[in-house]
Amino acid sequence: MQNAIQELEFTKVKSLIKANCCSPLGKELVDKIRPQKDLAKIRDRQILIFETREFFNSSNTLQLNDLKDTRELISQQKKHKIFSKEELLMLADNIFLTQQLKRNSTLKDERWQNLSKLIKSLTASPSLAEKFRKTFDAEGEIKQDATKKLKLIIQSHKQTKNNLYSSLEKILNKKQYAKVLADKIITKREGRYVITVKSEKKNVIKGIEHGRSQTGKSVYIEPLAVLDLNNKLHSLQDSKKEEIYQILTDLTLMVREKRHTLLDNLEILQKVDFLNAAATYFQHLPVSKPSLRSDFSLSLEKAVHPLLYKTLPRKKIIPFSLNLGKDFRALIISGVNTGGKTVTLKAVGLLSIMALSGLLVTAKKAVIGSFHSFYTDINDEQSLEDAISTFSSHVKKINNILHKADERSLILVDELGTGTNPEEGSALAQAILENLISLKSKVIVTTHLNKLKVFASEHDQCENASMRFDEKEMKPTYKLDIGFPGNSFALDIAREYKIPDSVLERAHALLDTKTLKLSYLLKKTEQQRNRLARKIYNYDLKQKLLEDKIQTIEKKEKDWDQVEKNRRKQMLEREQEEFAHLKLKLDKKLKKLKSTQREKIIELDEIRELEEEIETQQKDISQSKEKILEEELESIDNPQKNDIIYIKSMDTIGKIDKISSNKIIVKSDGLNFSVAADDIYKVPQNKIANNSQEKTKEDNVSVFTDFDREIPFEINIMGLTFEEAKPVIEKYIDRAIVMDYKKIRILHGKGTGRLRRKIWNYLKDDERLENFYSPSPAEGGTGVTILVLK
C-alpha cells in the first residue's frame with residue numbers, strides 16, 4: 001500500500017493540504033490520512049470537508065491562526081511544575097479560540113450542520129478564560145492590576161522610584177558638588193541607582209562604591225541618603241516577583257483542574273484544523289463528494305488528476321471518464337508517448353485513494369468501490385541498492401502483486417511487459433493479465449504492445465482504451481476513448497522530427513506483415529473515429545441550436561397565451577362592471593314597475609323575461625370566469641399545516657390551520673373557514689404579482705383579493721380615510737350584488753368612531769341595501785358594519 005501511495009503521488013496531495021494547516025495538530029492528522037475500510041467514517045469525513053468548503057465559499061472563515069499544540073504541556077505529570085508566562089499564553093490562545101468558535105453565529109446555517117455540531121462539541125471554560133483576561137493584556141504582559149496586591153506593590157514601587165530619583169537629582173543639582181561629579185546623570189549598577197563621581201573626589205560624597213568606569217576616571221557611588229530607598233525598591237521588586245509567581249501558580253492549578261476538558265478540546269480543534277486545511281485546498285478546485293460502494297468497481301465522470309491544477313491553466317486540462325469492474329475487469333490503455341496514458345493511470349488510482357481516505361475528488365461525479373488494497377508498478381527507476389535492471393525491478397513488483405492481489409484489489413501498471421524482448425515481454429504481460437483477471441482484481445495497464453491490444457479485443461473481461469491523437473497536427477489530444485486501441489505512431493512522429501527518409505523506409509521494410517496490417521488498421525480506425533467524432537459534434541451542435549429555437553418558440557407561445565388570458569380577463573372585468581350597473585338600473589325599474597302595477601296594467605311576462613335575461617348573462621359571466629380560472633389553477637397533492645393556499649370557491653388566499661379526514665380549516669382575513677380538500681390550490685402567480693394585498697394582524701397571512709372572480713364576504717378598510725374608503729365600498733357593494741350575496745361585512749375598526757359614523761351616514765341613502773347594523777361584541781361590535789343587500 002505504501003508503495004502505491006508514493007507512486008500515485010498521494011503524499012504530494014497531502015503536502016498541499018498540510019500547507020494550509022494552522023498548527024502541528026492539523027499537520028499530524030493530515031499525515032495520518034490513508035484509505036479506510038469503514039465506509040460510514042469515510043462518508044462522515046467527506047461530508048465535513050464538503051460542508052466546510054461550502055462554508056468558505058459563502059464568504060465565511062474559521063480563524064485558527066492562534067491554535068497551539070499544548071498536549072504535552074497539559075499532560076505533564078509533575079504537579080510541582082508551574083507554567084511559565086509563555087506557556088500559559090499558549091494555553092490562553094486555545095481557550096479564547098474555543099470561545100470564539102462556539103460564538104460564531106454563521107455556523108448556525110443548516111447547510112453546514114455537521115461542522116456546526118463538531119464545533120458545538122467543544123467545551124468552553126468561561127471562568128478560566130475570564131481569569132486569563134484579567135491577568136494578561138493584549139501584548140501578553142501581566143496586567144498591573146491582575147491582583148489587588150500586585151497593584152499596590154507596583155504603585156508603591158513607582159512612588160519609591162520617584163522618591164529615589166528626586167533625592168538623587170537634588171544631590172546632582174547642589175552647587176557644592178559641581179566639581180565633584182563626573183556627569184550629571186543617574187545610572188544603575190548591580191541593580192541599584194547610583195551617580196558618577198570623579199575618582200579623586202569620591203570621598204566628598206558619603207556613600208557605597210559600586211565600581212569604576214572603564215577609563216578609571218570616575219566611580220559609581222550610591223549616596224547614603226538613598227540607601228534605604230534603594231533597599232525598599234529591591235524589596236518591592238522581590239515582592240512583585242513573588243506575587244507574579246503566585247498568579248502563575250493559581251493559573252497553573254486552574255489549568256490542571258480543566259486538564260481533561262482542555263485535552264478533549266484539543267482533539268476537536270485538531271479535527272477543525274484538518275477540515276480548515278482540506279477545505280481551503282479544495283475550495284477553488286472543481287471537486288465533488290464521491291459516492292462509495294460496498295462492491296469493488298469504480299466509475300469516474302469528467303475526472304482530472306488534481307496536481308494538474310498546479311501546473312497547467314484550466315482551459316488546457318482535458319478531463320476523462322471511465323468505468324471499471326462492471327462490464328469488464330481490465331482496461332488496456334494504448335497510444336502515443338506523452339499522450340497522457342500515465343497521467344490518466346495515476347489519476348484513477350489517486351482519486352480512488354483520496355475518496356477512500358475521506359477526501360473530495362476532482363471529478364464531476366465519482367463512484368468508488370471499497371477497495372482494500374492498491375498495487376502499482378509505475379516508476380521505472382533502477383534499484384541501485386539491489387543492483388537489478390529496470391525489467392528485474394518491474395518483475396519484482398509484479399511478483400508481489402501476483403501473490404497478494406485479490407478481488408478487492410485495484411492494480412495499476414505502467415508499460416506492462418516492457419524492458420525485455422518484445423515477444424517474450426508480450427507473452428509474459430498477457431499471462432499476468434489473465435492471472436489477475438482470474439483473481440477478479442480490477443486492473444488498468446498502459447502499453448505499446450500490439451499483442452495486448454489484440455488480447456483486450458478478444459477477452460470478455462478486458463477492454464481497450466486509447467489516448468486520442470491528431471494525425472493532421474501530429475499532436476496528442478489527451479482525450480481518453482474507451483473501446484478503441486491506440487496506435488503508437490512511432491514512424492509518423494519520427495518523420496515529424498526529420499528522421500531521414502532512408503532510415504524510415506528501411507524501418508518500414510523491416511516491419512513484419514502482421515504488424516504493418518495492424519498499424520494500418522489502427523490508423524484507419526483512428527481516422528474513422530475522428531470523422532465520427534466530428535459528425536457527432538456537429539450533430540450535437542445542431543441539436544442544441546434546434547432545442548434553443550424550440551425553447552424560444554415555446555416561450556413566445558407561452559407569453560402570447562398569457563397576453564391573451566390577460567386580455568380576456570380585462571374584457572370580462574369590464575363586462576362585469578357594465579352588468580353590475582345594468583342590473584342595478586333594472587332592479588330600480590322593476591321595483592318601480594311593481595309598485596305601480598295596481599294603477600297601470602303591465603305585462604308580467606316582460607318582467608320575467610328581463611329577470612331571466614339578467615340571470616342568463618350572470619351565468620355566462622360566471623362560466624367565463626370559471627374557464628379562465630381553471631386554466632391557471634394547480635392542485636395540491638399533499639397539503640400540510642401552515643401551507644399558504646388559494647380557496648377557489650371564495651377566491652381567497654389563506655393559511656392551513658388544521659387538517660382532518662375530509663375537511664381543511666383555513667385561516668384567512670382573520671376568519672376561519674372549513675373547506676373541502678378539492679377546493680384548495682397552489683396560489684396562482686397573478687395573485688402574488690398583480691393583485692391588491694392585505695395582511696391580517698392575527699397571523700400575518702397575506703390575503704389577495706382578485707375582483708375578477710368571487711369576492712370575500714368581508715373587506716378591511718382600517719387605516720383608510722373616508723374619502724379613500726368610499727370608492728372601495730362602492731365597488732365592493734356592486735360586485736357583491738353581482739355575486740348575489742345577501743350579507744357582507746365592512747371591517748373599519750372602532751377607533752374614535754368617526755369613520756364608522758361617516759360610513760353609516762353615507763349608507764343610509766343607498767337603495768341597494770335592505771339594512772345595515774353593527775354585530776354583537778363577539779363578532780366585532782362597533783368595529784364592524786354588516787350590510788344586508790336587497
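Tutor: Let us begin with pairing: two strands pair if DSSP finds at least two bridges between them. Please keep in mind throughout that this is a predicted model. Here strand β8 (residues 330-334) pairs with strand β12 (residues 442-447) in the parallel sense, over five bridges, and within that pairing I333 has T446 of β12 as its bridge partner.

Student: Which residues lie on each side of β8, and are they buried or exposed?

Tutor: In a regular strand the side chains alternate between the two faces of the sheet. In β8, A330, I332 and S334 lie on one side and L331 and I333 on the other, and all of these are buried, in keeping with a strand in which five of five residues are buried.

Student: In what order do the strands of the open sheet with β22 stand, and what is its pairing?

Tutor: The order is β22-β23-β25-β24, four strands with mixed pairing. β22 (714-716) and β24 (769-773) stand at the edges with a single partner strand each, so one side of each has no neighbour in the sheet. From one strand to the next the twist averages 20 degrees. Inside this order, β23 (residues 743-747) and β25 (residues 784-789) pair in the antiparallel sense over five bridges, with V784 in β25 as the bridge partner of L747.

Student: Which helix lies across β24 and β25?

Tutor: That is helix α23 (residues 754-763), which runs at about 160 degrees to β24.

Student: How many aromatic pairs does the structure hold, and how is one read?

Tutor: The structure holds eight aromatic pairs. Ring planes under 30 degrees apart count as stacked, and those over 60 as edge-to-face. The rings of F132 and F136 have centres 6.1 Å apart and planes at 20 degrees, so this pair is stacked, and both F132 and F136 are buried. The rings of F722 and Y762, by contrast, have centres 6.0 Å apart and planes at 75 degrees, so that pair is edge-to-face. This second pair links distant parts of the chain, F722 in helix α22 (residues 722-738) and Y762 in helix α23, 40 residues apart. F722 is buried at 14% relative accessible area, whereas Y762, at 26%, counts as partly exposed.

Student: Where does the charged end of R756 sit?

Tutor: The charged end of R756 sits over the ring of W760, 4.2 Å from its centre; elsewhere, K289 lies over the face of F50, at 4.9 Å from the ring centre.

How values were computed
Residues are numbered from 1 along each chain as its sequence is written. This is a predicted model: local features need pLDDT of at least 70, side-chain atom pairs count only at pLDDT 80 or more; totals for chains, interfaces and linings use all residues. Side-chain values use heavy atoms; hydrogens and water are left out. Buried means under 20% relative accessible area, exposed over 50%, partly exposed in between (1.4 Å probe, protein chains only). Helices (H or I, at least four residues) and strands (E, at least two) are DSSP runs, numbered from the N terminus. Axes are lines fitted to C-alpha atoms, for helices over the stretch in contact, and angles run from 0 to 180 degrees between N-to-C directions. Contact means heavy atoms within 4.5 Å. Rings of Phe, Tyr and Trp (its six-membered ring) pair if their centres lie within 6.5 Å; planes under 30 degrees apart count as stacked, over 60 as edge-to-face and the rest as tilted. A charge sits over a ring if NZ of Lys or CZ of Arg is within 6 Å of the ring centre and within 35 degrees of the ring normal.
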